[in-house]
Structure formats: C-alpha cells, structure tokens
Amino acid sequence: MAPTSLDRIVALQRNPANIRNLCILAHVDHGKTTLADCLVASNGIISNRLAGKLRYLDSREDEQIRGITMKSSAISLHHRNGDQDYLLNLIDSPGHVDFSSEVSTAVRLCDGAIVVVDAVEGVCPQTQVVLRQAWLENIRPVLVINKIDRLILELKLSSQEAFIHLQKILEQVNAVTGSLFTSKVLEERAEKEKKKKEDEKNEKEVETLTRDQVYDWSAGLEEADDSQLYFSPDQGNVVFASAIDGWGFSIQQFAHIYSQKMGIKAEVLLKTLWGDYYLNAKAKRIMKGAQAKGKKPLFVQLVLDNIWSLYDAVVTRRDKDKVEKVVSSLGVKLMSRDSRHSDPKVLLSAICSQWLPVSQAVLAMVCEKLPSPLDITEERVEKLMSVGARIFESLPEQTQELKRAFLRCGSEEDDPLIIFVSKMFVVDNKALPKNRQRPLTHEEIAQRRDLARQRHAEKLAADQTAAENPSAPPISGSMPQEGQPAEVSTAKMESLTLNDSKPQEEEEQQTFMAFARIYSGVVKKGQRVFVLGPKYDPAKGLSMLPVGCMASDCVPEVPHMSCCSMESLYLLMGRDLEELQQVPAGNVLGIGGLEECVLKSATLSTSPACPPFIPLNMEAMPIVRVAIEPKHPSDMPKLVRGMRLLNQADPCAEVLIQETGEHVLVTAGEVHLQRCLDDLRERFAKIEISASKPIIPFRETVVRPPKVDMVNEELGHQHKVAIHRVKEEAPQGRSSDTLHVDPSGLVTLTTPNRLASVSVRAAPLPQDVTSLLESSTELIRTLEQVNMSLREGRSVDVSPRTLEAIAGFKAQLESLLQGRRWRSAVEHIWAFGPRRYGPNILLNSVEGYQRPSVWQCLCRGGPPEAGAQTAFTRDLDNSIVSGFQLATLSGPMCEEPLMGVCFSLERWDVQSSAPPQHQDSVEEASVSHEAPADCKVQGSSETPAKAEGPVSGPSQARRRPEAPPPGCYGPVSGQLIAAMKEACRHAFQAQPQRLMAAMYTCEIMATAEVLGRVYGVLGKREGRVLHEEMKEGTDMFLIKAVLPVAESFGFADEIRKRTSGLASPQLVFSHWEVISSDPYWVPTTEEEYLHFGEKADSANQALKYTNAVRRRKGLYVEGKTVEHAEKQRTLGKNK
Ligand SMILES: Nc1nc2c(ncn2[C@@H]2O[C@H](COP(=O)(O)OP(=O)(O)OP(=O)(O)O)[C@@H](O)[C@H]2O)c(=O)[nH]1
Ligand SMILES: [Mg+2]
C-alpha cells in the first residue's frame, strides 16, 4: 500500500469528527513500539515485513541500542473504517519510569489511549501509573492484551488455561480502573454534599465549613454509570494480540465470521463469546454454564483453539500438509520465500498478518471506541482551565465564554485560537522538509537518465577518437553533441550535484520544535499569538490590555505574557516532518520558532482572556543529581549553553547552579541521566564533559533518645552525652552567655545586641505526620498562598474542594498528633519549612503570644483578634519564620535539609528599644567580631540560591519603629533571623541526630533459578525485601524490595548481568528512611568497648554518608590520622 499523500491528510485534518488523538501507554517492554510499528506499516510507511523489527518510532540511536523508548513521538495515520476515512494522530510513549514525564506530555494532547498489557506479566507498576494518568486527564482508554504468543510458546498453556489467564488479567486491569472510579465518585459525592451544606448554611448562616460531615458512602456508586468504564471484550474495547507476529483480533471479528458460518445472530455471539457459555452442537444452541458442566467455553472453542492449532502446526510441529490446509481454508496467499524460510515465525507472521491483521483490529477499535476532539467534555475543559485553587466560576466572564470554543472545536476565522504546547523537542536540521532530499519526480528521473546516456555516449565517442587519433588530448565531454552543446550538459550536471550536497555547517544544527495540540480555531503560518505563562492571570491581562487587542498589535507589558509568531507548522510523521500552511482545530502538530518564548510548556492563544492550562501531572520526581564540568575549562560557555538547551528540551531534567558554583543536572534516574549526558555531549554542548558521581540527597532529623545502647544494654544517660557535646561544639569565641542549653534540650539564644532572645526546643515528629506533610506539599503550598493573600489584605476565591482538602488535612494532623506532648499543637502551628511547605513544623508555644493562625482561611469570621503583645513583636513574626526556614533548609550535620523535626518556640523576648547598659554589655561580652557573621544571613552569601530566604529583611527594616540599634549589628529583624536560625540548629543538636536516606522501591520479576542471585545483589546493596510472591499461572516470582538511592547506582545493570538478562528491576523513588545508626556514636560503656574496640572503627554507615556529603561540600571533616605507621616494605639491598 502506498503511503497516504500529504494532501489527503490535510483534507482529513479539516474534519474533527473523524480525528482521533491517541497515545499508546504501558509498562516498560510490553510492546508499545512494536504495536505502533504494525499500525505504521498499515499505512505503507514501513513494510509489513519489517514491522515489529524496525521499531520505527524509536528514532534515536540509543533507543535502538538499549531497546527502550525514551521520548514520546507522534505520527499521523490514515485509516478507512467502514465507509468513513479517519485521521489518527498516534503518540508512542516510553514505559520506563525514568521517562514518565514524557508520558505526561503525551497524555495531555490526547483524547484517548491504547493501554497495552503483556499477557504474561499482567498489570505491572507502570500499568497502574499510566491508567491513573489517563484517568487524571479524563481521557478514555481501550485495552490491548499483547504477547499472547508467549502464552503458547513460552508458558505452554493450553487454550483453556490461557482463557482463564486472560480473564484474570482483565480482572486486574478492571480492578485498577474500578478503584480510580470509586474514589472519584466518592469525591464528587462529598463535593455535592458540601455544596448542599453550603447552600443550607447560606440560608441559616450559622454552620461553619469545617464541621464534620457524615456521608452515606455507598450512595452515589449505585447511581453512577460505570458501564463505559470497564474493559470487556463484548463492549468492543479489548483486543487480543501478538504484535510481533502481526495478529490481533476483537471478538466482533469472530462474531461476524461465525454468524455467517453457523447461522447464529452476530449480536448473540457477541454477548456470549466472552463468558461462561458453550455450544451445544446437537441442539445448535449456545448454553450457559460451561464451567459447571465441564464444557469448553465458546471463546476457547471458536477463537483460541484456532490460534493454538495454527501455532502448533507452523511453529511447534512444522507440519507442512496441515499448514497448506489451513492456508487454503483461510484463503491466505503466501509467497514462496515465506513458506520456504528456515524460521517458522516468518511463515507464521505471513499467515497471521493476512488472516487477523493487528492493525485492522486495533484501528477499528480506536475509530469506534475513542472519542473525537468534538467529544471533549465540559468537565475536562473546566479542569484544564482552572489553575491552582481557583474555581472555574471565579474566572472572568470572557474566560468562561471560551469554554464554548473548546466544546465547539471550530475552525472558523472568528474562533479564538487556543493551543497547548506540552513539550519542546529538538530535531536535526536535516529532518526539516526544506533540507530533506525530496524524492525525484518522473521528469527528473527521465532527465537524469538522458544525462547518463549522453555521458556514456560522449565517453564512447572520446575513446573512439582517441583510438583513431592518439595525439589528441583525451578530454571527455569536450565533444559537442548533436543539438546540445557540451557546456550545457556539464553545467546541468554540476547544478544537480550541487543540489544534492548541503553545506556542512547546517547539517550539524538543531531546531527546537513545540509538541502541541490545537483546541480551537485555525493556526496559520506566520500568525502572531499571545504566549501565556503558567502564572498568567486572565483577569489582569484583560484589565491591562485595550479591548479587542490582538497579538499583532503593539501590546503593553503584561506579567507572564508575551507575543510570538508561528514561524512554521509541521505535521509530525515519526522521523519525518511535513510542512503545513495551516492547521485546523483538533489536531496534534509541531510548531517551529518558539524556542525564544517557550521554555518547556505553554498556552498559546489569540485571546488574552484565555487562562493558562493546568500544569502537567508529572509522575517522576527528579532525584539523581550530578555536577558537570567541561574537560577543557575554556569550553565552559558551550557547556552553559548546552545545559540551557537540555533543560528546554527535556520535560523532566532540571539544571541549576549550586551555591558552590557547580553546574548541576538533576534527572529522574540512572537511565535518564545517561541519556541527558549523551545529549549534552553529542547534541547540545558538543564538547567533552565529565560528570561527578551522582550526588545523593539526604535529610537530617532527630529521634527520640534511644533506650538501649549499641549492645542492647539499657541506657539511662545517653541524653546527657548529647548535651555535653553541644556545649563543646558551641563555636569558639561565642560568649556562652548568649547561648544557654538546659538539660531538657531547651536552647536559649540572645541576639548580639541583647535586645531579643529566643528559646527553642526540637522534637521529632511522629513518622505518620512527616509522611502526611510530605504527601501534602501541594496543599501546604496552596495554604501558604492563601494565607499570604489574606495577610496582604487581598481576598481569594478558594474552591470548596480545596477548602475541604485543607480541613481534611488539619483533621488528619489532629488525629495523628495525639497525647499530652502534642496538646493543641495543630492550632499552634506557626509555619512549615523549609521553603514554607516542607516537612518540618514551627510551633508557637510562647505564652500569651497570639498570631493569625495558619488555618485562618477555614474560619470565615476574619483573622482572630491580636493578643496582648505589641505591634512591634508581631512585625518581627516574619523574622522568626525566616530563621526557621533557614535552619530547616540546611541542618548542622552536613547542611542537608531537615525532615520530620518540630521546633517549638517557647520564649521570645524583644525589647523595642536599647536598654541603657546596652553599649557596655556589648563591649564586655566582646562579641562584636561576630556581628558580621550574623549580619551575613541577611545578604545572599549564606542564603542558598533556592531559599525564599529572609524575605522580611528590607520590609521589616522599613516598618521598624523607633531608633535603629547601633550600626554594627544591623536591623533587629536581621539579627532575629540569625538568632532563630542558630537557636534551631543548637536545639537540633541537643537531640539525638540521625541521617535519613532516600529509598527506592523496586519490583523485580525473576524466575526461580535466578532468585538467589537477585537476593545476593539486594543484600550486598543494603536492600530489604518487603515481600515475594509467585505470579499466578507462571513460574515467575515477584519480589518487592526497598533499596537506598545511595546504593542504587549500577544496580539494574548488576541484576541484569547476574541473571543473564532475565530480571530487570525498575527503581521508583518511594520515601525517606531514618538510618538507625548514630553518626556521632562513640563507645561509652564497657560492653561497647569490648564489642567495638576502643576506636570503634568498624564501618558506621551514617558517618560514612555524612562525611562524604561534608567532603563534597567542602566542609570540615574529622579525618583519621595514622598514629603508628610502619613501613611495610622490605628494601632489598644491592639489587
Ligand atoms: N513474544 C512477543 N514479544 C513481543 C511482542 N511484542 C513486542 N515484543 C518484544 O518485546 C520487547 C519490547 O518491545 P517494545 O515494543 O520495544 O516495547 P515498548 O513497550 O515499546 O518498550 P518501552 O518503549 O521501552 O517501554 C521487544 O523485544 C519486542 O520484540 C509480542 O507480541 N510477542
Ligand atoms: Mg517503546
């Protein structure tokens, strides 16, 4: 079949009812790209023979070498289904966890998805993730159960066993969607209740929002329609396939075949083919209860048995006669080279791909079951348009009107243009249509043929003359031919050769391309549009811009908005691009020339009323960091540029410059890191680079004092030991009367000018609270934003859903923080940190100090009344928070962020003016040399780049009443920040300190033979097996384990090597775990001396990690000196 012409595709683009935007999603290696190959082959872009082997959409070299997909790429296909022509914009996505951000970028642009599941492996971790992603984006999935051939050839299941196995897989998939659906229905139900309640409240105006509500949980589930939701072959949303052998079918096809053969109605067959029905041959009737009566189910008898016997004849027994019979009964035509081929699989796929072509089955399902761009639901549009905590109804009216444009998906001139760019990617300039070698037209071929003949004739003639007249110089081409002078012909040849070769330089360059979807309007080449950043506020834009303002006008400066023109539009065709003049609504396209105004993703529109789309749901968290430097220092500018490009081209990679000046690259995992480094070397920087060892993140925390020592003996005085150390470690030169640590761990610190003092105590938060804080960062961030607005006196519309989430979060915290120690702690939360949303808490335990609660958005009655304290103290509130933020951002052990620590401020004295003896005391205490160090906190030198930092500095200074304190100390607010920070650090050190390590979870599937080796590798790397189970119906074991990130490098490779490639783990970041050993432990008791020796020099894992981090950061590390070194060498004499 010839490839579909560009004109045809352009024509199809204009009919959105027949467009399907879809992506292929699955766990790694379940066969997405192989399936995509089959679909691409159906359009004649690659040959059927190569389908499954070529992996056409894996266009990168490393993708081909490693055999995994690393980026999502799109291709437009044409399919004729019934009497309708369809345009399918297909996006293949990667399945490896490291690249799950690429999946997010693909899912956003689609309306539907093909979820592929391996028939042997079943539902795997990433399958669940992609199903959830599809769900979150409200796109409809269909299912392909792939690799059925493995059930026959590898697992050697009988057709009956395979049927049971397939049913189980279907159940597993449906269980995942079912749980997603249930939680959604319950959520909606809760929201409805909430609305009802609010209405009632408005009427009565008595009840508060936070009151607990009692739901009838089962209600709602019964009413909700879930028939569309589940995968079921009789619904037509499941295809069984073996992409590698090129076959696939839905039960519709078999129902159709057998209704003709057996004279049973197709509808009846459709309902009974998948299920507990059997065929009563005598009565020629379909009966229920196959299992109970021990009969063969219809699906086995009519469908699977055929396939099983085909494999048996062709692959297992190689029975030529039988094959011939089958071939003739199926009406399949075979080429003799296929039937003679030594590999039976070739013959098999030749038969199967004609009998049950997988592309037919899958594409028909896609056309029938997936929605077109016109079917976009109101719910999805509202979700896309409502950024953050805002409710759709609170958007400006003009913005709300755009919803209709989304729903209409119109391509008329007056439809507003709305485009979403989900990622930027690079293409080689070579691949651009303008630089590509276009295929020769017939005339050109004829012309070339003529020229070649002519050259040949000239050469012959020249030879002849040379032979006749040996003295003449043998210049070929100098002989004028009949009717055509020689000069012309050579000139032509030169021009042809010139056309073929491109300038060297151009070949090396890259072009950025935006991966985008157009939701409304029609985009034309050269058109100017507004580029709306994620923080753009349409209300602000509309108020600042004149009415009817266009992107082509000269627009005033609006925050987070810029203008750009669409330089070029492309149809994405896998490895190729085709240039387009305009693209109507509902299509996926590539846009060139946006690299200056779009970093990773953006919303483009001709209307300033358009809101930015909600950010992508990123599943992967960048966690692996490396510092990068060029091999030759002079290449630094190239590296900086290269890293900037890489940052733009990769949705997940982060690039930053650390305080130390190092260029750091943060990636999702080892494979991703490798790809980013390759990209830097070969594409973006084109220099030799060296990368440091991965920088492993740690967290610092405190724990309850241990009850037993290292040899499990009861311990009573450990606490005191810790306090001694704090005193010893107090920085030299600090007068001890500014710092006081009492035996219970309360640290009191006075500012250098003696005007203020703070008393802080640190305590570990319960583990559940820390996990809750960690999983609620988004919510805390929203809470902080709302509080910020309230503080500034602005009112915000917060959606009831967000309010409810905040109330739920508070209730959860209250239920977790129980007991005497935490009494009314939740009410007294002052701040979260670091960065105002981290997993540490600052508590207000100052008697009599009242401040607006962090939960003030929950009480509608406005901020509570201020307490008895002076306005001056409240002005300094911010300094305390900033000090806390700084302290939690980098801890005293190795300057890593804190986690799970609660600091409670128990006393806080501030004198608003200098006491009379102030000057004297300063001199007496001789702390003046310290002041600069403390003042520094205000500047940027001690403030890590990312910290929101001492935001209060200047503003506090302005607000500060009365005379400033003596110049050498700087403003009170600044000193307070430093004092608070130091107090927190000392309070932290007064408790038993521990390091926390980042942990991966990994699921490894392995056969029984290699199980032992897998355990070996896990054990060596400090991994812990959580559970192990046998996968039903297979001889595979599924092992779930946790592994410290610090030990994970090379883990996947080692496992693969040790098991000869039979097991390959996927590492996903899961949580932080306290390393139980104390890094500062020294033997104290007699037993400990006995057990560990005087120097206790057996490996202390925590100390090893701490020292490694300190060394990397250039901090002081206590080194071991060799006390008694002896030369071990024996010097030979007279040698
Ligand atoms: N036996 C069998 N193997 C298959 C089938 N389909 C794909 N494979 C093999 O499975 C492996 C992975 O196939 P891919 O198509 O690259 O898988 P993928 O889902 O695209 O993988 P990622 O993109 O890396 O997530 C390849 O070795 C294929 O040959 C099938 O139907 N049967
Ligand atoms: Mg792939």
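**Figure 1. Helices in the shell around ligand 1.** Helices α2 (32–41) and α6 (148–153) each contribute at least two residues to the shell around ligand 1; helices (H or I, at least four residues) and strands (E, at least two) are DSSP runs, numbered from the N terminus. The greatest contribution comes from α2, with 3 residues. The structure is a predicted model, in which local features need pLDDT of at least 70 and side-chain atom pairs count only at pLDDT 80 or more, while totals for chains, interfaces and linings use all residues. Residues are numbered from 1 along each chain as its sequence is written, chains are lettered from A and ligands numbered from 1 in the order in which they are written, and side-chain values use heavy atoms, with hydrogens and water left out.

**Figure 2. Composition of the shell and polar contacts of ligand 1.** Ligand 1 is surrounded by 19 residues (a heavy atom within 4 Å), and the closest are Lys32, Thr33, Thr34, Thr69 and Asp149. By class, the shell comprises 4 nonpolar, 9 polar and 6 charged residues; Ala, Val, Leu, Ile, Met, Phe, Trp, Tyr, Cys and Pro count as nonpolar, Asp, Glu, Lys and Arg as charged, and the others, Gly among them, as polar. A nitrogen atom of ligand 1 lies 2.8 Å from a side-chain N or O atom of Asp149. Oxygen atoms of the ligand lie 3.2 Å from such an atom of Asn146 and 3.4 Å from one of Ser242. Taken alone, ligand 1 exposes 650 Å², of which the protein buries 84% (Shrake-Rupley method, 1.4 Å probe).

**Figure 3. The salt bridge between Asp85 and Arg8.** The side chains of Asp85 and Arg8 form a salt bridge at 2.8 Å, N to O (a side-chain nitrogen of Lys or Arg within 4 Å of a carboxyl oxygen of Asp or Glu). Asp85 belongs to strand β3 (residues 84–92) and Arg8 to helix α1 (residues 6–13), so the pair ties together parts that are 77 residues apart in sequence. Asp85 is buried at 16% relative accessibility, whereas Arg8 is partly exposed at 35% (buried, under 20%; exposed, over 50%; partly exposed, in between; 1.4 Å probe, protein chains only).

**Figure 4. The salt bridge between Lys423 and Glu102.** A salt bridge of 2.8 Å, N to O, joins the side chains of Lys423 and Glu102. Lys423 lies in strand β10 (residues 418–428) and Glu102 in helix α4 (residues 100–108), so this pair links parts 321 residues apart in sequence. Lys423 is buried at 3% relative accessibility, and Glu102 is buried at 4%.

Key:
A polar contact is a pair of N or O atoms within 3.5 Å; within protein, one must be able to donate a hydrogen and the other to accept it, and residues adjacent in sequence count only if both atoms are side-chain atoms.
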